[in-house]
Protein chains: 4
Amino acid sequence: MSARSEVADRTRSFVREVVIPAEPAWGRTLPDAELARLRALAREAGVFAPHAPTALGGLGLPLREWSPVFQEAGYSPIGPAVLNAMAPDEGNMRLLEVVASDEQQERYLRPLVAGDVRSVFAMTEPHPGAGSDPDALATTARRVDGGWLVSGEKRFISGAEGAAFAIVMARTEATGDHGAGATMLLTPMDAAGIRIGPSIGTIEAAIAGGHPYVRFDDVFVPDADVLGAPGQGFRYAQVRLGPARLTHCMRWLGLARRAQHTALDRANGRELFGSPLADLGVAQALLADSEIDLATSDAVIDAAAAALERSDREGAALSSIAKVHCSEAVWRVIDRAVQLCGGDGVSSGLPLIQYLNEVRPFRIYDGSSETHRWAIARRASRARARAVAAGEPRLDIAVRGDG
Amino acid sequence: MSARSEVADRTRSFVREVVIPAEPAWGRTLPDAELARLRALAREAGVFAPHAPTALGGLGLPLREWSPVFQEAGYSPIGPAVLNAMAPDEGNMRLLEVVASDEQQERYLRPLVAGDVRSVFAMTEPHPGAGSDPDALATTARRVDGGWLVSGEKRFISGAEGAAFAIVMARTEATGDHGAGATMLLTPMDAAGIRIGPSIGTIEAAIAGGHPYVRFDDVFVPDADVLGAPGQGFRYAQVRLGPARLTHCMRWLGLARRAQHTALDRANGRELFGSPLADLGVAQALLADSEIDLATSDAVIDAAAAALERSDREGAALSSIAKVHCSEAVWRVIDRAVQLCGGDGVSSGLPLIQYLNEVRPFRIYDGSSETHRWAIARRASRARARAVAAGEPRLDIAVRGDG
Amino acid sequence: MSARSEVADRTRSFVREVVIPAEPAWGRTLPDAELARLRALAREAGVFAPHAPTALGGLGLPLREWSPVFQEAGYSPIGPAVLNAMAPDEGNMRLLEVVASDEQQERYLRPLVAGDVRSVFAMTEPHPGAGSDPDALATTARRVDGGWLVSGEKRFISGAEGAAFAIVMARTEATGDHGAGATMLLTPMDAAGIRIGPSIGTIEAAIAGGHPYVRFDDVFVPDADVLGAPGQGFRYAQVRLGPARLTHCMRWLGLARRAQHTALDRANGRELFGSPLADLGVAQALLADSEIDLATSDAVIDAAAAALERSDREGAALSSIAKVHCSEAVWRVIDRAVQLCGGDGVSSGLPLIQYLNEVRPFRIYDGSSETHRWAIARRASRARARAVAAGEPRLDIAVRGDG
Amino acid sequence: MSARSEVADRTRSFVREVVIPAEPAWGRTLPDAELARLRALAREAGVFAPHAPTALGGLGLPLREWSPVFQEAGYSPIGPAVLNAMAPDEGNMRLLEVVASDEQQERYLRPLVAGDVRSVFAMTEPHPGAGSDPDALATTARRVDGGWLVSGEKRFISGAEGAAFAIVMARTEATGDHGAGATMLLTPMDAAGIRIGPSIGTIEAAIAGGHPYVRFDDVFVPDADVLGAPGQGFRYAQVRLGPARLTHCMRWLGLARRAQHTALDRANGRELFGSPLADLGVAQALLADSEIDLATSDAVIDAAAAALERSDREGAALSSIAKVHCSEAVWRVIDRAVQLCGGDGVSSGLPLIQYLNEVRPFRIYDGSSETHRWAIARRASRARARAVAAGEPRLDIAVRGDG
């Protein structure tokens with residue numbers, strides 16, 4: 001595990017002593033008042049908004065120190081929300097910190113870091129719009145006097161119910177000194193023309209506010225609320241996505257560790273056929289595979305975080321690999337824990353099957369495993385082709401006969 | 001990838017420009033004279049014995065900087081031997097550096113670092129002696145006047161043919177101020193009572209000198225050639241094994257990268273059913289999985305190397321995990337490359353199937369995957385049991401009903 | 001696919017034309033009245049109770065012809081219930097057909113086959129009672145005048161809410177001409193001393209009546225309601241379990257085929273990056289792996305059904321293998337379909353994630369994969385040891401050296 | 001296991017009593033004289049050429065009875081050759097039986113069945129000719145007076161050294177009443193214009209005569225030696241390929257069973273950490289997975305053989321699935337056996353690593369796993385598209401919202 005700060009230790013204590021005892025029962029969600037109470041305690045404990053800039057009330061940790069902290073937070077399914085380090089807010093904070101104007105930061109970012117409001121990131125659209133293929137973006141922003149009119153429909157907009165504002169991705173024509181492309185725009189969610197719904201049933205519940213459809217009908221966004229420069233939306237999306245993918249990995253890795261601890265406790269505490277379950281090899285093989293999954297996930301997250309601090313290109317490549325590996329590894333770890341806990345694992349006896357449902361969608365959102373694999377293969381093929389073009393000898397020229 | 005030194009870049013150039021063109025053809029081994037010629041060039045190029053102490057003629061790199069260098073060396077199956085960074089000599093150098101007396105270092109370590117001689121590590125025994133279970137050690141060293149008489153049989157003694165000296169592990173009785181236990185002893189291979197053979201057929205060929213049986217019949221070892229303190233053999237074995245496991249991972253990871261480059265070249269250069277193979281998804285899935293295996297192996301090696309520098313206990317745990325993951329990952333990567341190169345992959349057209357045979361035994365030596373998994377599970381179970389005993393709440397207490 | 005009867009074709013038509021259009025929406029369960037309506041239609045269509053004896057109103061198919069029919073039924077999650085071929089009733093019918101007296105058949109089996117009542121099989125107990133290890137049976141039946149008093153607690157008693165009668169497994173002392181052991185007893189669920197609850201939250205919903213705890217406090221069972229002979233309970237459990245495991249495989253294989261059809265439709269109908277998804281190799285690899293899983297599951301079910309008709313021993317061995325393979329294969333198939341359908345796959349857009357939750361517990365009930373693997377390995381080890389004892393030469397005697 | 005004939009039992013006894021004791025040592029091949037001696041014994045024992053027509057001296061077993069016999073033969077790596085049931089001869093016999101004229105059968109098939117000569121099947125070509133994509137066939141047969149002149153180069157021509165005749169696939173122009181296409185031609189290997197070489201190094205050795213290049217330079221083939229009708233070559237190739245793929249599965253499944261028996265013997269006979277290895281769960285998990293692989297392979301071979309007897313289309317689909325599953329399963333089984341036997345598994349101590357190398361190419365020849373997966377996915381996609389076109393409702397239409 002990488003650079004472990006004092007914040008990580010504080011977070012660990014806070015989550016175990018304060019957060020876990022407050023977790024809601026099977027099938028329930030955390031009431032708003034309870035979340036507010038826990039957040040107040042988190043602020044007192046000095047563990048609130050660890051990733052956000054100190055100037056705005058965060059703890060200002062650099063990216064390479066996030067992993068141990070976010071893993072500790074994720075040890076409870078409600079931990080990241082309590083610490084204000086949950087998606088989509090956490091990624092939006094990062095994006096606004098890097099791209100937003102001072103004025104936008106005061107208006108939108110400061111209350112977000114403070115935990116006074118929630119936000120959404122409105123990019124995904126119903127088929128055939130922007131989904132796995134972002135280029136298919138169908139929502140548009142039309143130039144009008146003093147601003148833009150946004151129209152289109154989004155879906156899987158996590159956290160939309162109750163959110164204060166949205167970052168909307170829309171297609172824009174070339175105007176003045178800006179080329180055509182995708183543009184990010186900020187808008188309060190109570191702006192005229194925004195309609196939330198229908199809601200979408202999902203199997204995970206960690207993000208408050210659901211994942212509904214959101215419709216935009218000629219929503220007016222003044223020029224002051226354009227985020228960064230028009231036409232640069234896809235570039236900014238990458239700024240957000242690299243770290244956002246990794247923080248998902250970190251949080252869910254924490255939850256996977258919780259599942260593994262549950263499995264180890266069960267293995268240590270139960271006997272089967274007269275032996276402690278922990279000594280039965282079929283169980284040992286599962287436990288060991290999970291340890292390997294946890295350790296390799298932890299290591300590749302650190303490597304990707306370091307790469308992101310070094311260079312955008314390297315960071316994108318390695319965070320893509322980390323995303324695939326971690327999303328699949330955490331799911332395997334929890335699945336094995338379910339298996340080791342038997343009937344309790346698939347019922348309300350233990351929360352494990354809920355955890356499994358909680359992480360299942362992560363193999364799909366932020367780029368499905370298949371889309372990432374396609375991109376990883378293409379990136380590797382092209383890098384190698386460039387190397388060969390630059391003089392590396394081709395290695396696949398077969399010898400004729402056995403020399 | 002971790003701390004990348006200038007040595008890594010030099011090694012990369014040296015291996016591609018000097019070593020690869022000198023690789024022997026399918027089924028042949030590198031002649032001794034050719035090895036000597038290449039080693040001379042390696043010394044000139046400043047890439048020889050990168051891990052060994054500078055006082056003895058090595059480059060003195062710290063453990064955390066080995067990985068990129070050893071990976072570059074391993075990019076050629078003969079690279080590690082050319083750089084004098086191959087097993088078992090490399091692990092023996094480490095062991096002698098830490099444990100040997102000044103006199104022993106002059107006599108045994110200096111010529112080993114210089115590449116003037118080869119060495120063996122004589123621990124493994126025929127069943128039911130020391131194999132997967134080191135405690136079963138059957139070879140003994142009996143106290144006699146001025147030294148010890150070693151008797152027993154070892155097997156899979158890599159590099160024995162032509163080696164100058166051996167580090168032998170033997171069971172010793174308590175004597176004077178030393179307790180009973182395993183003891184390491186140094187002995188020239190031409191000492192009276194040492195007999196090599198029979199040889200054992202293997203499918204890998206990277207280590208010169210085979211992996212034969214070696215028999216010791218009342219071989220006299222003077223007190224001055226006892227390595228460290230009597231009775232401490234198993235502790236010293238760990239000193240050797242932690243890094244030695246990792247350097248195997250590093251070297252073979254380099255070879256796996258070579259296989260992946262071969263597969264990428266083939267995928268970029270061939271068409272199938274009218275499309276470049278690199279664009280066919282079934283191939284892309286294989287290529288992507290290999291990229292993930294390479295990146296996670298690289299990351300967990302770095303994590304384990306850092307842990308080894310931090311603490312023995314953490315280092316042992318993580319190097320065990322790294323060993324299982326890397327030994328299986330490099331084998332999968334090469335297997336996929338074989339698959340992507342079709343007929344050439346399983347024949348003398350390309351060296352890939354040789355590479356596959358070269359790395360297959362690594363899933364068995366230095367502790368089989370199964371033995372490691374057993375140890376990993378047990379270590380995790382015990383660590384968790386200690387944590388629970390120290391106050392962590394048990395997580396597996398099932399709720400009765402769906403509350 | 002094995003012997004395909006006309007019943008299979010009729011069932012196929014019935015499920016597609018009548019059952020699928022009646023499936024409840026996301027998160028809803030089938031109302032009782034609707035089930036009754038569908039069952040009436042199933043009787044008319046000549047597809048009701050295909051496995052039950054004709055004398056009692058079933059279609060009387062022999063075991064080797066069940067698979068195609070049950071697969072067609074399972075193509076809809078409510079299909080097996082509509083056809084009265086769902087667990088636990090279907091397995092109970094088999095058990096009663098083989099073991100029950102004529103009188104018991106009239107009283108309990110006839111209304112069960114007719115679909116007038118539901119039943120439960122009360123074997124599993126809370127830890128440390130009968131779970132993975134049936135020998136731990138804690139519920140007892142005490143001999144009293146004219147019958148037995150049953151006391152103990154069961155859990156995961158599928159279908160208990162609303163069931164008319166139970167088959168209870170209890171430990172009995174030796175009495176008269178019967179030895180001590182486990183005994184099966186029939187009892188109406190409204191007998192004095194039976195209390196249902198608490199209920200247990202689960203993620204699957206295909207079986208009506210939940211999976212609650214059921215408590216027995218001195219429940220009187222007259223001698224006439226003992227099933228078969230006292231002390232023979234474990235033997236009868238095997239009679240039930242062999243085919244019951246296989247029918248689970250058959251039903252869930254039908255649902256997995258439905259998921260694969262959904263994925264194929266999506267792959268045929270959608271484009272990604274400008275190509276039909278069905279032509280993208282990463283998708284093709286998933287689709288092909290699912291085809292392989294479906295075909296091997298189908299084949300091994302047929303092999304196990306044939307073995308069950310041939311001999312109990314062979315049948316037990318092969319049905320255990322089939323159970324592990326199929327329970328894992330159907331889960332992989334549905335998981336891949338979820339993946340290929342992206343956001344719709346993990347939300348209420350499509351029923352796939354419900355299907356995944358529906359089959360997840362099958363890797364645990366009727367013997368977990370781990371328990372079966374342990375038993376499969378032990379069975380293979382012992383069979384081989386017997387063969388060697390009977391004269392087969394041992395094959396693991398290693399040659400010394402490479403002679 | 002399917003219909004088990006008396007021949008299977010005789011073959012089992014013959015292989016264990018006669019063939020296994022005659023197996024050559026590590027790295028050696030069976031001398032021709034020894035093969036002849038064993039074949040004479042096989043004829044006497046009534047186990048020779050079990051698949052060939054009785055009229056020509058075979059045992060005349062129907063396809064659905066081959067599997068148990070071929071598995072027993074494959075239990076020894078030299079078994080199939082001794083029984084004259086080895087590739088490529090066995091597949092060539094099948095092809096000649098179905099397609100060849102009476103005269104051709106007398107001249108070519110009869111001595112082949114008798115074991116007096118060996119044959120080759122010359123289809124595969126060096127890139128970019130006929131490899132994974134048969135349509136790329138580059139060898140041509142040019143019409144001349146009274147016959148054809150064949151020119152081109154083939155490679156991986158198994159058994160070429162010492163073979164008496166070849167079946168050559170060549171591209172032909174339309175002539176008279178035959179369309180253009182691929183044509184099969186028979187030719188003695190000593191015909192003018194045939195040159196064998198260079199040889200190709202491979203890692204497997206079960207097929208006598210190597211897998212060299214073979215060059216054809218204006219080799220004259222008279223009309224009487226055209227096999228079947230001109231232009232029908234690809235159709236005939238399917239006649240050969242369906243069963244030939246399956247017989248490979250059967251033979252290698254027999255060898256995998258031998259490996260599993262070796263592993264079981266080792267597990268039963270050795271202790272590790274004080275327990276019999278067979279009781280250690282990590283070993284049990286490997287053994288159980290191998291039992292599952294063996295049983296599912298056996299079952300899917302039977303299903304594919306039955307499908308081949310039923311219809312060409314169904315047979316092709318299922319034999320493709322069986323080929324992928326079995327080629328990967330046998331390789332996994334042997335790999336696990338290697339692992340369980342540790343150092344002996346990867347050395348000349350036991351033959352296991354040779355077995356592993358023997359079966360590795362089967363994942364590539366007769367269509368690589370990737371090519372088959374591509375074909376399996378495409379076949380499934382098209383079949384489903386046809387079903388939907390014929391009225392099956394599309395299943396992937398997502399519901400909007402969670403209604």
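The exercises below work through chain contacts, domains and helix packing in a predicted model.

**Exercise 1. Describe the contact of chain A with chain B.**

Solution. Start with the residue counts: chain A contributes 49 residues to this contact, and chain B contributes 50. Next, find the elements on the side of chain A that touches chain B: those giving two or more residues are α7 (233–269), α8 (281–310), α9 (312–340) and α12 (369–389) of chain A. The largest share comes from α8(A), with 12 residues. Finally, sort the residues on this side of chain A by class: 27 are nonpolar, 11 are polar and 11 are charged.

**Exercise 2. Describe how domain 1 and domain 3 of chain A are placed and how they touch.**

Solution. First set the bounds: in chain A, domain 1 covers 6–86, domain 2 covers 119–227 and domain 3 covers 234–389. The C-alpha centres of domain 1 and domain 3 of chain A are 21 Å apart. Their contact involves 13 residues of domain 1 and 20 residues of domain 3. On the domain 1 side, helix α3 (residues 66–74) of chain A gives the largest share, seven residues. By class, that side holds eight nonpolar, three polar and two charged residues.

**Exercise 3. Which rotation and shift superpose chain B on chain C, and through which surface do the copies meet?**

Then turn to the contact, which takes 13 residues from chain B and 13 residues from chain C. On the chain B side these are six nonpolar, five polar and two charged residues. Of the interface residues of chain B, 100% are also interface residues in chain C, so the copies meet through the same surface.

**Exercise 4. Are α8(B) and α9(B) roughly parallel or roughly antiparallel?**

Solution. Two packed helices are described by the angle between their axes and the distance between the axes. Helix α8 (residues 281–310) and helix α9 (residues 312–340) of chain B pack at about 160 degrees, and their axes are 8 Å apart. Angles over 145 degrees count as roughly antiparallel, and α8(B) and α9(B) are therefore roughly antiparallel to each other. Their crossing is left-handed. To finish, class the residues of the contact of α8(B) with α9(B): 17 are nonpolar, seven polar and six charged.

Technical notes:
Residues numbered from 1 in each chain as written. Chains lettered and ligands numbered in written order. Predicted model: local features only at pLDDT ≥ 70, side-chain atom pairs only at ≥ 80, totals over all residues. Contact = placed C-beta atoms within 7 Å. Helix = DSSP H or I, 4+ residues; strand = E, 2+ residues; numbered from the N terminus. Nonpolar A, V, L, I, M, F, W, Y, C, P; charged D, E, K, R; others polar. Domains from an automatic or database assignment. Axes fitted to C-alpha atoms, helices over the stretch in contact; angles between N-to-C directions. Parallel < 35°, antiparallel > 145°, perpendicular 65-115°, else oblique. Left-handed = near helix turned anticlockwise from the far one by under 90°.
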